[in-house]
Amino acid sequence: MAKKAKKGGQGTPATVALESAGVPFTVHAYEHDPAAATYGGEAAELLGVPAERVFKTLVADVDGTLTVGVVPVSGKLDLKALAAAVGGKRAAMADPAAAERSSGYVLGGISPLGQRRPLRTVLDDTVLAHPTVYVSAGRRGLEVELAPADLVALTKALTAPIGR
């Protein structure tokens, strides 16, 4: 994979973090439609990638602590499983404004990489089944493709069955 981060003004905190770490990645841009039903589904469709390889980044509140769950766009985040993965009891989706403030990204463009305040992160264990996966590059209409092991390492993530 080639590094293509800053080409065309596409540099984001996520791509800067990848470049700083020396991780190979590819940036994929597409024309985001504000009327799209889902951000991740739109990305998979427009990039021609199976939805199991495109992962969405969701911010949840686990026992009062913001926590990131990353799951395939083809499924949903299992909040009970996320809480269990981090030793918590209860999880709920975070307030959207809190998720944006914490990450530094807007909804639909939240990346697990390059967050303003790095949060505890759990990746659905299916991430390891693919040679490369796609996650938001930090902006709607921009995805970054990288090896799952690099995503795990850079986010210091746990992997667990948190998708359904």
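In what sense do β2 and β4 pair, and over how many bridges? The two strands pair in the antiparallel sense over three bridges, where pairing requires that DSSP finds at least two bridges between two strands. Within this pair, alanine 60 stands opposite methionine 93 in β4. The model is a predicted one, in which local features need pLDDT of at least 70 and side-chain atom pairs count only at pLDDT 80 or more, whereas totals for chains, interfaces and linings use all residues. Residues are numbered from 1 along each chain as its sequence is written, and side-chain values use heavy atoms, with hydrogens and water left out. Helices (H or I, at least four residues) and strands (E, at least two) are DSSP runs, numbered from the N terminus.

The pair β2 and β4 belongs to an open sheet of five strands, with the order β4-β2-β3-β5-β8 and mixed pairing. The edges are held by β4 (91-93) and β8 (158-160); each has a single partner strand, so one side of each is left without a neighbour in the sheet. On average, neighbouring strands of this sheet are turned by 35° against each other, direction ignored. Axes here are lines fitted to C-alpha atoms, for helices over the stretch in contact, and angles run from 0 to 180 degrees between N-to-C directions.

Another open sheet has three strands in the order β1-β7-β6, with antiparallel pairing. At its edges stand β1 (26-29) and β6 (133-139), each with a single partner strand, so one side of each is left without a neighbour in the sheet. From one strand to the next, the twist averages 35°. Five bridges join β6 to strand β7 (residues 142-146) in the antiparallel sense. Valine 135 has valine 144 in β7 as its bridge partner.

Helix α1 (residues 13-21) has Ala14, Thr15 and Leu18 buried, that is, under 20% relative accessible area, as against over 50% for exposed and in between for partly exposed (1.4 Å probe, protein chains only). These residues lie on the same side of α1, because they cover an arc of only 95° around the axis; the arc is that of the directions from the helix axis to the C-beta atoms. The cover over the buried residues of α1 includes β1, β6, β7 and α5 (148-155), with contact meaning heavy atoms within 4.5 Å. Just after α1, glycine 22 has a positive phi of about 70°.

Two exposed residues were also examined. Proline 34 is in the loop between β1 and α2 and is exposed, with a relative accessible area of 74%. Alanine 149 is placed in helix α5 and counts as exposed at 54% relative accessibility.

The largest pocket holds about 500 Å³ of space. On a 1 Å grid over the protein atoms alone, a pocket is an open set of points with protein on both sides within 12 Å along at least five of seven lines, and lining residues have an atom within 4 Å of a point. Its volume is the space filled by probe spheres set on the points, which are joined across faces, edges and corners. The lining of the largest pocket comprises 23 residues, of which Tyr39, Lys56, Thr57, Leu58 and Gly108 lie nearest its centre. Two or more lining residues come from each of α2 (39-47), β2 (55-62) and α4 (96-103). The most is given by β2, with five residues.

Conventions: 1 Å grid on protein atoms, 1.4 Å probe; cavity = no way out; pocket = protein on both sides within 12 Å on 5 of 7 lines; lining within 4 Å.
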